[in-house]
Amino acid sequence: MTTWLTIGILFTFAAIAFVIYRWGNVKCIGVTPVRTFTFIAILFTSGLDVGLIMFPLTEFAGYADLSASPEYGFTNPLAIEFGFWAFLIWAFYFLTCFYFCVIEPRVKFFEIPVIKFINNLVIIGTCAFTAYLLLTNLPWYLPEMGDGESVVSSFYLMVFVIIAAAVYSSTSIRYVRILSLASTWLFLGLIVLMWAGAFMSKESAMGEFVNTFALIGDYFGNIHHFVLPMNDYHEFYLFWWFAWSIMIGQFTSRFVGGLKTYQVLIAMMVFPSLPIAVWFTVLYYYSANEIATTGFYNLAMVFVGITFVVNSLDSLIRLYTDNLNLTVERFGKTKYIIGNLALMSGLTLLFQLNFLEIQWVGALAIGLILACFGYILATKYKKVAAIERSPTENKIDFSKIELAN
């Protein structure tokens, strides 16, 4: 599995370099373009899930324990957390976003029946894994509802309701903009709230924050350590990002509103990384100084995490139902909701039973990416080589999102 992952990573970065060299100044226009801020909000909230909110506080101590994990000794826990979640790995999303916006309309690789089937297996599996992450992390953040370790019936009920909300919101694309902007503002509000709780009582509040934030700079001095898997846990993260990469690229490519290719790369790597950096800095300060987050702060994190889950599941459910023609228009809203609710709930339980692993899903995604490249070389090389612009039928019309169903 490690060799397969290494091949996927090296190919991805080589492909990104070629795309920037060959099509760096091409304007990327999706089928439903939106303004840049909305595009970034859609990217950020669709491309991340509850793990961003709930993982860090449970992980910092592990990264600091060098006796158990000496491979983390080259930097500090905050830089490790940032490296697992931000900057370089967002380039995965750029490659697939560019591909689906500019190349796929000419190649139609993902319309081949067997490829469409495998791609939707990846989407459905990752969708269920997102709900599973929320389910398994709730005991740590809401110990008041259980023993702080076990998943109890009330947590299953919460996740079921959240899946139902996401399925309902996926019935209309108009909810995408509302959910994405709401998730973004709620996340920024959570950062401000927890920053105030950690620093406002101190005379040197800004100085302590800046000193903690500066620890992230060590990531950029050691960025080469984050390219290939440094251990099994990093490998898990990288497979997870690959599992997301194709579907997030496919989804976000719809909304690109005229940015040039190199600008899309910058937007995808830089803009999501800034709030992530601030958020992780605040959480690391809580962890390093043993400041309790029980009670109100945990509830606030769970609320924002739930919003992220609804937003992510909405995007993914919409994607696979469109791909498989399992739409509201075909089956009606009631059958659509019942069918997707049953599917997502069932697969979430399979992850809970350790029957499925996200590494398998990520490995399938790498296979699709490499197969697509081979297909282009074998059958579509001249057509792709001749590409000089986005598809002509795609026009910059920001009103399309308001008119969409």
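1. Buried means under 20% relative accessible area. Serine 183 has a relative accessible area of 0%, so serine 183 is buried. This value, like every other one in this note, comes from a predicted model.

2. Serine 183 belongs to helix H9, which covers residues 174-199. Which residues does serine 183 contact, leaving aside neighbours within four places in sequence? They are Thr45, Thr307, Phe308 and Asn311.

3. Alanine 243 sits in helix H12, residues 232-252. Is alanine 243 buried or exposed? Its relative accessible area is 0%, which is under the 20% limit, so alanine 243 is buried.

4. Once neighbours within four places are set aside, alanine 243 is in contact with Val122, Thr126, Ile358, Val361, Gly362 and Ala365. Alanine 363 lies 120 residues away from alanine 243 along the chain, yet their C-alpha atoms are separated by 7.6 Å.

5. Now the core. The largest nonpolar core has 145 residues. Within this core, Trp85, Ile103, Trp240 and Trp279 touch the most other members. Helix H7, residues 113-141, supplies the largest share of the core, with 14 residues. As general background, nonpolar side chains tend to be buried together in soluble globular proteins.

6. The protein chain contains 19 helices and two strands. Along the principal axes, the C-alpha atoms fill a box of roughly 60 × 50 × 40 Å.

7. How much of the protein chain is buried? Buried residues account for 56% of the 405 residues. Contacts are worth checking too. Taking contacts with a separation of 6 or more, 86% join residues 24 or more positions apart.

8. The accessible surface of the protein chain is about 16,600 Å². Carbon and sulfur atoms hold 65% of that surface.

9. The protein chain carries 21 positive and 24 negative side chains. How far apart are the centres of the two sets? They lie 23 Å apart.

Definitions and conventions: Residues numbered from 1 in each chain as written. Predicted model: local features only at pLDDT ≥ 70, side-chain atom pairs only at ≥ 80, totals over all residues. Heavy atoms only, no water. Core = buried A, V, L, I, M, F, W, Y, C linked by side-chain atoms within 4.5 Å. Buried < 20%, exposed > 50% of the residue type's maximum accessible area, 1.4 Å probe, protein only. Helix = DSSP H or I, 4+ residues; strand = E, 2+ residues; numbered from the N terminus. Contact = heavy atoms within 4.5 Å. Areas by Shrake-Rupley, 256 points an atom, 1.4 Å probe, with all protein chains shown as cover. Lys, Arg positive; Asp, Glu negative; His and termini not counted. Charge placed at Lys NZ, Arg CZ, Asp CG, Glu CD.
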